[in-house]
Amino acid sequence: MAISIAVILVGIALYYFYSADQAKIRGFAFGNEIQTLQEEIHEEQSRFISSIAKWEENTISDEEMVRTGEMHLNSFNTLLKKYDDLQPPDAFSKSVKLLKLSLEYQIESHEHRLEWIKTGDELESVRSQELTQLSFEAEQAGLKSFNDAKAGIEQ
């Protein structure tokens, strides 16, 4: 009887440590996936900002900026879909939702910026700036949530 209880306890302990290790492995793999996605978003954002700078310097026309902006939006929408393909561990689901929301705000911001370029309507520019701020706040909250979840798993 005592031997079977000891075997059960050892089995439970092994299962617990195995599960904890698997959670760490899944968290690490997910961390790499989300980091890659965030880098892709950052690169696309940098390309768009570079195009805006060229437009502001009058080195590209309004029409060219609009075409570039539309290609940028297509790229961003493709990246947005990648969030749906992620399979985050439960601890990271909040951070994924916030980071996805950040990108959604960025896309909407850039849509308003392009509309401002097309029409000159200053309200479009103001709305773009507001959405950029919301995007930044959602991204910061998403990163904090990610780091909190990561710290919880590493313990």
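The structure is a predicted model. Its secondary structure amounts to 4 helices and 0 strands, and the order along the sequence reads α-α-α-α. Of the 155 residues in the chain, 32% count as buried.

**Overall architecture**

- Among contacts in the chain with a separation of 6 or more, 74% are made by residues 24 or more positions apart.
- The chain has an accessible surface of about 10100 Å², and carbon and sulfur atoms account for 57% of that surface.
- Helix H3 contains 27 residues. From its first C-alpha to its last, H3 reaches 39 Å, close to the 39 Å expected at 1.5 Å a residue.
- Gly120 follows H3 and has a positive phi, near 80°.

**The nonpolar core**

- In soluble globular proteins, nonpolar side chains tend to be buried together.
- In this model the largest nonpolar core consists of 26 residues. The residues with the most contacts inside this core are Ile34, Tyr83, Leu103 and Ile117.
- At least two residues of this core come from each of helix H1 (2–56), helix H2 (62–85), helix H3 (93–119) and helix H4 (122–154).
- With neighbours within four places in sequence left aside, Ile34 is in contact with Tyr83, Leu86, Val96, Leu99 and Phe146.

**A buried histidine**

- His110 is located in helix H3. The relative accessible area of His110 is 6%, so this residue counts as buried, the cut-off being under 20%.
- When neighbours within four places in sequence are set aside, the contacts of His110 are Gln45, Phe48, His72, Leu73 and Phe76.

**Aromatic pairs**

- A pair of aromatic rings is described by the distance of the centres and the angle of the planes.
- The structure has 4 aromatic pairs. One of them joins Phe30 and Phe146, with ring centres 6.2 Å apart and planes at 45°, so the pair is tilted.
- Phe30 belongs to helix H1 and Phe146 to helix H4, so this pair ties together parts that are 116 residues apart in sequence. Both Phe30 and Phe146 are buried.
- Phe146 also pairs with Phe92 in a tilted arrangement, at 5.0 Å centre to centre and with 45° between the planes.
- Phe92 lies in the loop between H2 and H3, whereas Phe146 lies in helix H4, so the pair connects parts 54 residues apart in sequence. Phe92 is buried, as is Phe146.
- Through these ring pairs, Phe30, Phe92 and Phe146 are linked into a cluster.
- Phe146 is also one of the contacts of Ile34.

- Side chains of opposite charge can pair when their charged atoms come close.
- Lys118 and Glu70 form a salt bridge through their side chains, at 3.7 Å from N to O. This pair links distant parts of the chain, with Lys118 in helix H3 and Glu70 in helix H2, 48 residues apart.
- Lys118 is partly exposed, at a relative accessible area of 48%. Glu70 is likewise partly exposed, with a value of 37%.
- Glu130 and Arg127 form another salt bridge, in which the closest N and O atoms are 3.2 Å apart. Both residues lie in helix H4, 3 residues apart, about one turn of the helix.
- Glu130 counts as partly exposed at 40% relative accessibility, and Arg127 counts as partly exposed at 31%.
- Asp148 and Lys144 also meet in a salt bridge between their side chains, at 2.7 Å from N to O. Asp148 and Lys144 both belong to helix H4 and are 4 residues apart, about one turn of the helix.
- Asp148 has a relative accessibility of 44% and counts as partly exposed.
- An α-helix has 3.6 residues a turn, so residues three or four places apart point the same way.

Conventions
Residues numbered from 1 in each chain as written. Predicted model: local features only at pLDDT ≥ 70, side-chain atom pairs only at ≥ 80, totals over all residues. Heavy atoms only, no water. Core = buried A, V, L, I, M, F, W, Y, C linked by side-chain atoms within 4.5 Å. Buried < 20%, exposed > 50% of the residue type's maximum accessible area, 1.4 Å probe, protein only. Contact = heavy atoms within 4.5 Å. Salt bridge = Lys/Arg side-chain N within 4 Å of Asp/Glu carboxyl O. Phe/Tyr/Trp six-rings, centres within 6.5 Å; stacked < 30°, edge-to-face > 60°. Expected span 1.5 Å × (residues − 1). Areas by Shrake-Rupley, 256 points an atom, 1.4 Å probe, with all protein chains shown as cover.
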